[in-house]
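Subject: Handover of a structure

Dear colleague,

Please find the structure below, together with its sequence. My notes on it follow, and I would be grateful if you would read them with the model open.

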Amino acid sequence: MKILDLIQISQSNLVRSKLRTSLTILAVFIGTFTISITNGVGNGVNAYINKELGNVGVNNAFVVQNNSSRSSPLANEVVKYDPEQKTGMFNTTLVSNSDISKIENIKNVVKVTPHYVPRIDYVTTNSDKYQAAAQSYIAGLNLDMASGRALNTESNDEITIPIRYISPLGFSQASNAIGKKLTVGYKDSKNIQIEKTLTIVGVQQESILGSATLYIAPNLAEQIQLDQTAGISSIAGTYESLLVEFDKNLPKKDADALRQVLLANKYTAQTIQDRIGTFSKIINGILMGLNIFGIIALLVAAFGIVNTLLMAVNERTSEIGLMKALGANSRTVFGIFSLEAASIGFWGALIGIGASMAVGTVVNRYAAHNFLKDFVGFNLLEFPLVSSVAILVGIVVLAFLAGTLPSIKASRLDPIKALRYE
Amino acid sequence: MSNILQTINVTKIYENGVDTPALSDISLTIKKGESVAIIGKSGSGKSTLMHILATLDRPTSGSLIVDNIDATKFSSKDLDNLRNQKFGFVFQQFFLNGRNTCLENVMLPLVIGGVSKKERQRKAKEILAAVGLSAQINQKANNLSGGQKQRLCLARALVTDPQIIFADEPTGNLDTENGKIVIELLFRLQKEKGITLIIVTHDPDLSKLCDRSILIKDGRIVGENS
């Protein structure tokens with residue numbers, strides 16, 4: 001029998017018991033829809049994260065924190081006191097100037113600078129005051145700018161702000177803020193209010209990658225920190241983290257070796273990409289969990305296919321007998337039924353993928369005007385052709401495998417007995 | 001005239017604990033173009049004999065010679081091809097696909113045989129005209145009367161231009177009048193096309209129309225008359 005006739009026969013058999021077939025296709029549809037949606041979210045989030053990661057721009061530095069053991073409220077063990085260790089926020093162990101000189105001596109390290117996260121109280125354009133968080137800008141870090149530019153690290157009176165501050169600070173749009181003055185207020189160690197007036201040079205696009213803080217020049221950040229620790233020797237010269245730079249052209253192998261040395265010296269060492277990548281790992285973990293529901297739904301659907309086809313084989317016993325009497329070989333009969341099974345998978349998967357794409361388009365459009373309004377270029381759901389085709393093929397294969405048992409049963413029918421069957 | 005079917009000492013024993021063979025030591029010869037009735041009571045073994053002659057079943061021992069070739073040595077694939085291309089079948093219960101059209105039902109053996117779409121439509125329409133069903137080509141088989149259904153079965157059996165037609169109680173489900181029409185048609189086409197006809201029946205009137213009859217009882221040939 002010709003393959004085209006085989007397909008045609010299996011398709012017309014498919015619509016013989018419409019309700020039964022529809023319900024089985026519905027089961028496949030539900031599983032496919034779930035998997036396609038979760039993959040769509042995974043693809044959307046990861047595509048966005050990868051795009052942002054590619055934009056980070058700093059790939060020759062580790063963010064280093066102290067990883068010495070210390071007794072925390074969460075730890076199970078009680079650790080001996082070490083007078084050299086300094087305690088920071090959340091009971092973390094701080095890094096100090098002695099750590100800087102120690103790390104500077106490690107091979108391949110070019111430069112070690114403290115990463116300042118000064119505690120500022122407010123920002124204002126001379127009307128209402130707003131709370132804000134700031135950190136020192138790392139030279140070369142590519143921030144996605146809605147307007148303006150990243151600041152010059154040598155310039156102590158520049159600042160960039162997240163786009164969400166535009167409206168509260170009284171600007172009608174991002175470009176209006178460029179060149180305007182912004183006052184930053186903080187208290188020094190003697191609780192005296194200090195204000196710095198800076199120039200807004202850039203407005204950062206909203207991003208999941210931590211563009212929610214203000215960026216100021218490292219020297220300014222250092223100065224604020226000095227003001228805030230002056231006279232308090234217990235925390236002066238300590239930092240939450242260090243930026244350890246290495247040569248831009250250092251081979252990856254050596255960079256990994258450097259990381260291992262840092263780890264061996266009880267530091268954590270993450271690239272900026274690593275820190276951000278954690279987010280995508282969490283997202284992927286959640287999506288994997290959701291995918292399991294889809295896979296369970298598909299396994300149930302697979303048993304539905306087995307059931308549907310076993311019923312079909314029983315109903316069509318005499319028909320199978322006739323075909324075999326008229327010279328159809330076992331392979332033809334197997335083909336007719338397994339193609340029917342594969343078709344159930346194919347149609348269920350096709351409708352499921354199509355529906356998920358339709359839902360994705362609607363959700364993306366809604367999100368773009370609502371909760372993701374400020375995340376330019378972030379499509380919550382993305383359906384790359386490759387991954388949709390992979391889902392389709394996977395489900396067709398699953399359906400085919402589910403169909404093998406009934407198909408083998410059909411192909412082994414003895415024509416004489418089948419023709420006697422009524 | 002040359003032989004088209006020959007059995008040599010064919011015995012069939014079913015492996016279900018029954019000691020008596022379904023067929024024992026059957027040797028017969030059927031010539032090309034002949035019409036032969038296999039008659040006997042139910043349980044006599046006449047259906048088993050037809051199944052073996054039609055290669056739907058294999059004998060336990062003995063040989064079946066089809067067109068001078070020993071078919072018992074054929075692979076099941078060869079047997080499938082043999083049935084598809086050289087044999088036609090007419091059954092008492094019709095075994096039509098009721099939701100398909102007459103044309104589709106008739107084309108089935110050609111579809112199985114891998115004949116091109118154009119060719120099989122041409123052949124099917126031609127044979128449907130020969131059995132007088134030209135007007136019903138696109139009707140669903142379910143909508144036909146009993147007599148029309150059996151004529152449709154004749155068309156399906158004849159569409160491949162077979163050498164042999166096996167008819168198993170072809171009038172069993174028909175009233176006398178329709179039975180007569182179908183049988184007349186069957187014999188007319190058989191003679192026109194020079195086809196060998198093997199009819200299994202317990203109807204003595206039908207067997208009288210054949211060139212000769214073979215009487216089966218308890219799995220043995222007990223008589224033959226021409």
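**The hairpin in chain A**

A:V184 stands opposite A:K196 in β10(A). This is a predicted model, in which local features need pLDDT of at least 70, side-chain atom pairs count only at pLDDT 80 or more, and totals for chains, interfaces and linings use all residues. Residues are numbered from 1 along each chain as its sequence is written, while chains are lettered from A and ligands numbered from 1 in the order in which they are written.

Strands β9 and β10 (residues 193-204) of chain A are antiparallel and share seven bridges. Strands are DSSP runs of E with at least two residues, helices are runs of H or I with at least four, and both are numbered from the N terminus; two strands pair if DSSP finds at least two bridges between them. β9(A) and β10(A) make a hairpin with five residues between them, and A:N191 in the turn has a positive phi of about 65°.

**Chain B as a whole**

Chain B contains seven helices and ten strands. Its radius of gyration is 17 Å, close to the 17 Å that the globule rule gives for 226 residues, so chain B is as compact as a globular protein of that length. The radius is taken over C-alpha atoms, and the rule is 2.2 Å times the number of residues to the power 0.38. Along the principal axes, the C-alpha atoms of chain B fill a box of roughly 50 × 40 × 40 Å.

Of the 226 residues of chain B, 49% count as buried (20 or more other C-beta atoms within 10 Å of the residue's own, with C-beta atoms placed from the backbone; 12 or fewer is exposed, and in between is partly exposed). Among contacts in chain B with a separation of 6 or more, 70% come from residues 24 or more positions apart; a contact requires C-beta atoms, placed from the backbone, within 7 Å.

**Two sheets in chain B**

One open sheet has four strands in the order β2-β1-β4-β5 (chain B), with antiparallel pairing. β2 (23-31) and β5 (69-70) of chain B stand at the edges, each with a single partner strand, so one side of each has no neighbour in the sheet. Six bridges connect β1 (residues 3-12) of chain B with β2(B), and B:N3 is placed opposite B:K31 in β2(B).

The other open sheet has six strands in the order β6-β7-β8-β3-β9-β10 (chain B), and its pairing is mixed. Its edge strands, β6 and β10 (220-225) of chain B, each pair on one side only. Neighbouring strands of this sheet are turned by 20° against each other on average, direction ignored. β3 (residues 35-39) and β9 (residues 212-217) of chain B run parallel and are joined by four bridges, with B:I39 opposite B:L215 in β9(B).

Helix α1 (residues 46-53) of chain B lies across β1, β2 and β4 (61-66) of chain B, at about 125° to β1(B). α1(B) also lies across β3, β7 (164-168), β8 (196-201) and β9 of chain B, at about 155° to β8(B). Angles run from 0 to 180 degrees between N-to-C directions, with axes as lines fitted to C-alpha atoms, for helices over the stretch in contact.

**Cores and the chain interface**

The largest nonpolar core has 119 residues, where a core is a set of buried Ala, Val, Leu, Ile, Met, Phe, Trp, Tyr and Cys residues joined through C-beta atoms within 7 Å. A:V28, A:A399, B:I38, B:V106, B:A155 and B:I198 touch the most other members. Helix α2 (residues 18-56) of chain A gives the most to this core, with eleven residues. Beyond four places in sequence, the residues that B:I198 touches include B:I30, B:M50 and B:F166.

Between the chains, 19 residues of chain B are in contact with 17 residues of chain A. On the chain B side, α2(B) gives the most, with five residues.

Yours sincerely

Note on methods:
Contact = placed C-beta atoms within 7 Å.
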